[in-house]
Every structure is written in C-alpha cells, then in structure tokens.
Amino acid sequence: MRMPGPRVAPESIRTARQLYRYLMRVCDELPEKAMQDHYKHHVRQGFHSHSEETDPERVQQIIEKAVEDAQWILNKYKK
C-alpha cells in the first residue's frame, strides 16, 4: 500500500498531465488491487479518447468532471 504523501488539490489541476497523475494516485487509494487496475485502465482509456481535444474550455470541463467522478468513486468504496 502507498504511503500517504503530499496530494495535489483537485482545484489546482490545470493540465492533462496533472489530471492523469492525480487520477492514478486516486486509483492507488482504492481498497483492492483489482479495483485499482480496473479504474487505472478506465483512466488510460479516457485519456486516449480525449487526446485530440484542443479546445481549452472543453479540456477544463473534462478535468472538472474527471475530478468529480474520482471523488465520487473514492467515497463509494471508502464507506
């Protein structure tokens, strides 16, 4: 299990790279390895499907939705 370390505040995420790193760290917080692997795969797929996006406003919407979804998933499994 990962040691808790400094975490990026979700509201400070501005780039795709920051989002990717944040989401991978969130996946590491899930309780089971199978869940971690499942959601990491989902994150990778999402990045591939949005890799051609160039509109900064749309990119920001994607970032906000991804952070919101990640928090929901964490809350779901930590209960």
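Helices here are DSSP runs (H or I) of at least four residues, and strands (E) are runs of at least two, both numbered from the N terminus. The model is a predicted one, in which local features need pLDDT of at least 70 and side-chain atom pairs count only at pLDDT 80 or more, while totals for chains, interfaces and linings use all residues. Residues are numbered from 1 along each chain as its sequence is written, and side-chain values use heavy atoms, leaving out hydrogens and water.

Is Ile63 buried or exposed? Ile63 has a relative accessible area of 3%, so it is buried; that word means under 20%, with exposed being over 50% and partly exposed in between (1.4 Å probe, protein chains only). Setting aside neighbours within four places in sequence, Ile63 is in contact with Ile13, Arg14, Thr15 and Leu19, where contact means heavy atoms within 4.5 Å. Compare that with Glu29: Ile63 and Glu29 are 34 residues apart in sequence, and their C-alpha atoms are 19 Å apart in space.

Now follow the whole of H3. Its 23 residues, at 1.5 Å a residue, should span 33 Å, and this agrees with its end C-alpha atoms, which are 33 Å apart. The expected span is 1.5 Å times one less than the number of residues. Buried along H3 are Ile62, Ile63, Ala66, Val67, Ala70, Ile73 and Leu74, and the buried residues of this helix pack against H1 and H2. Leu74 counts as buried because its relative accessibility is 5%. The C-alpha atoms of Leu74 and Asp37 are separated by 14 Å, although the two residues are 37 apart along the chain. Lys78, also placed in H3, has a relative accessible area of 53% and is therefore exposed.

Next comes the partner helix, H1. How do H1 and H3 pack? Helix H1 (residues 16-28) and helix H3 (residues 56-78) pack at an angle of about 5°, with their axes 10 Å apart. That makes H1 roughly parallel to H3. Axes are lines fitted to C-alpha atoms, for helices over the stretch in contact, and angles run from 0 to 180 degrees between N-to-C directions. Angles under 35 degrees count as roughly parallel, over 145 as roughly antiparallel, 65 to 115 as roughly perpendicular, and the rest as oblique.

On the H1 side, Leu19, Tyr22, Leu23 and Val26 meet Ile63, Ala66, Val67, Ala70, Gln71 and Leu74 of H3. The residues of this contact divide into nine nonpolar, one polar and no charged. For this count, Ala, Val, Leu, Ile, Met, Phe, Trp, Tyr, Cys and Pro are nonpolar, Asp, Glu, Lys and Arg are charged, and the others, Gly among them, are polar. The buried residues of H1 pack against H2 as well as H3; among them are Met24, Cys27 and Asp28.

Those three names lead us to helix H2 (residues 33-49), where Lys40 has its place. Lys40 is buried, because its relative accessible area is 19%. Not counting residues up to four places away in sequence, Lys40 touches Met24, Cys27 and Asp28. A polar contact of 2.7 Å joins the side chains of Lys40 and Asp28. Such a contact is a pair of N or O atoms within 3.5 Å; within protein, one must be able to donate a hydrogen and the other to accept it, and residues adjacent in sequence count only if both atoms are side-chain atoms.
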